[in-house]
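Me: Could you take me through how the two chains of this model meet? I have the structure open beside me.

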Amino acid sequence: MAREMLKGNIAMAEAAVRVGLEAYFGYPITPQTEVLEHLSARMPELGRTFVQAESEVAAINMVYGAACTGARVMSSSSSPGVSLMMEGISYISGTELPAVLANVMRGGPGLGNIAPSQSDYNQAVHGGGHGDYNLIVLAPSTVQETIDMTVEAFDLAEKYRMIAMILTDGSIGQMMEPAELPEMRPVVRKDWDWATNGAIGRERRILSSIYINPPLEEETNLRLMKTWQKVQANEIRYKEYYLDDAEFVVIGFGTAGRVALSAVRAARAQGIKVGLFRPIILNPFPYAAIDDLAAHASAFLVVEMNSGQMLEDIRLAARGRLPIEFYARLGGIVPFPDEVLSEIRRVATTKLSTAQHPRDAWLERFLAQSER
Amino acid sequence: MTTLAIPENLVYSRPESLTPVHNHYCPGCTHGIAHHLIAEVLDEMNLRERTIGVAPVGCSVFAYNYFNFDFVEAAHGRAPAMATGIKRLLPDRNVFTYQGDGDLASIGMAEIMHAAVRGENITVIFINNAIYGMTGGQMAPTTLPGQKTTSSPNGRDVETTGYPIRMAEILSNMDGAGYIVRRSLHDPKNIRLAKKAIRIAFETQMHGLGFSMVELLSTCPTNWGVTPVEALTWLSDHMIPAYPLGDFKVSEHIAAIKL
Amino acid sequence: MPARGWIEVSELYCKGCELCINACPQNVLKLDMEHLTPKGFHPAQIFQDGCTGCAICSIVCPDAAITVYREVIKKPVMADGGV
């Protein structure tokens, strides 16, 4: 298929359609409403299911029901709406069903704003819903990556019988870039041996997340853990740039990672031996790869559009072996490459300490700078 | 007394659509009556294999253990949304929810209203016993004024908690609703009428004639603090005046269905 | 004369709730106080003649515990095949 100018949200929606999305249930919320609108036309056109639900609570429960039939189903929302979906996410996870969700993150907490942020990392990666469960979390940074990860998300969800979440942000959702969509594939409703689609000529099935007897619940919890171990063993994904001879490593995901790449390139042009590590899949987290880098680098610089959420996972992997610096913009603000470049230069030329928590150090510097 | 039981002597036996399982409902709880009526209707319509039930949160959270067909378990109040997801993808199956008064009229209010608004071709069996059973007898939106519950120990005060909610009347106003009726399970005559209503509700779905709901006035002897037999009298004396029995919406196409 | 009927109450399901006893138009049912089901309930049972197999007990039984039989009265067939 040819490359064309595509808006992130529309590309994500259309990619899902191309790989056999049978049902979409959603609710309008900025900055992802284009997903809903695009599918409100496309799905009926193709004879597939589209429902604008009465709320995100209803939408996720429609996804839950639809997932029980074994079809490919999806919903999308943005931060406050995803909060509403947490109960449903826990139920779907407890029932071990495949489904794809997208969170086009915006500023928060609360109503926040409609500008891009990365402040739902913890909600997605460390479980926003109740109970012990995991989501596979994919973090694109371009429209093309959004398309590719949407395609992957459906396969991963079915492979492991769990939710795959595309964690993107308002910037990627709204921007237009040249990208290529996959060819249209026919819809295939797989005949899973767990789907509740009517006990015709077979034993009846139950799909539920209730295990009132604690030993049975424990069995389920252990099963979920074992599945997660398989995901951890097989689905680590990240991209590395200029790391071969790098002394300093910048780490960022999504839009922050993309901005950081521009800064890293500029820094290289100025002779600084810096590289970029960009996780593509955030959960499972690439602890081993970070651990490896921590053994060889002089310092990390973590760049995020939140108050330092992935930062803590980096610190965990680094185990205090090197200084970790932090730079953030909050409130829906996207950092500029030259902000990150200044940080890289500071890290490359300053004697760094590990005495203070990187977040506190950043906040001090940031507030001092704002006062000037 | 015992006579050889030959097949033509058989008047009634336990329906196929019920699993051979002792249920956990309190002795005399009319959930069990609703369950066997649904099972009998599905047997008579030969729909067992094509039916998918959606269980609520409430005393009937384990309903999936008692019916011999595919069942899924919804979050509290969300059964109509789950049923929507299932029915949209499996339009030729018979999809029904089975919900209590907390599940449907409290936490699930948005989901039930909008399923009716959208005219989802699902069937809802609504068990109204004016109380929250599973959690030990708290006030429900359907609790009667002055009725004592564990969260209205001095009797329901309408000044601060409002009046009972009549769901059949409300949903009958939705253009997407095809068949909305209220029946009762307190005596044989009304139970027979309830069974017929359940039959028509499933026929409504099978004919694609819109959203159908059968509200069933039911007893909760344990949380009302009376015996099962006394509970039947409490229902007819107090609940029927508050929740009139009858047909609130029957579209002409449904009225024309020959059973 | 009315048909004769009889019932079987399953011990697996009966909870001794007495709804059938209350509903029986012939008053032929009562709890068997000498006996407990495996779950510890006194099951319902027929204790006197008069059951007509009307099946009202099975209609009101919340546990579908009752199987109902009614004697089929065969009409006499005439020699020419009429009744």
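Predicted model: local features only at pLDDT ≥ 70, side-chain atom pairs only at ≥ 80, totals over all residues.

Me: How many residues of chain B are in contact with chain A?

Reply: On chain B, 28 residues are in contact with 33 residues of chain A.

Me: Which elements of chain B supply that side?

Reply: At least two residues each come from strand 2 (51-55), strand 3 (70-73), helix 2 (79-89) and helix 4 (109-117) of chain B. Helix 2 of chain B gives the most, with eight residues.

Me: And what is that side of chain B made of, by class?

Reply: The side of chain B that touches chain A has 15 nonpolar residues, along with eight charged and five polar ones.

Me: Turning to the strands, which strand of chain A is joined to strand 3 of chain B?

Reply: That is strand 9 (residues 206-207) of chain A, which runs parallel to strand 3 of chain B and is joined to it by two bridges. I206(A) has F71(B) as its bridge partner, and L207(A) stands opposite V72(B).

Me: What is the order of strands in the sheet?

Reply: The order is 9(A)-3(B)-2(B)-4(B)-5(B)-7(B)-6(B)-8(B), an open sheet of eight strands with mixed pairing. Its edge strands are strand 9 of chain A and strand 8 (246-250) of chain B, each of which pairs on one side only.

Me: Which strands does helix 7 of chain B lie across?

Reply: Helix 7 (residues 188-206) of chain B lies across strand 4 (94-100), strand 5 (123-128), strand 6 (177-184) and strand 7 (211-217) of chain B. The helix runs at about 165° to strand 6 of chain B.

Key:
Residues numbered from 1 in each chain as written. Chains lettered and ligands numbered in written order. Contact = placed C-beta atoms within 7 Å. Helix = DSSP H or I, 4+ residues; strand = E, 2+ residues; numbered from the N terminus. Nonpolar A, V, L, I, M, F, W, Y, C, P; charged D, E, K, R; others polar. Pairing = 2+ DSSP bridges. Axes fitted to C-alpha atoms, helices over the stretch in contact; angles between N-to-C directions.
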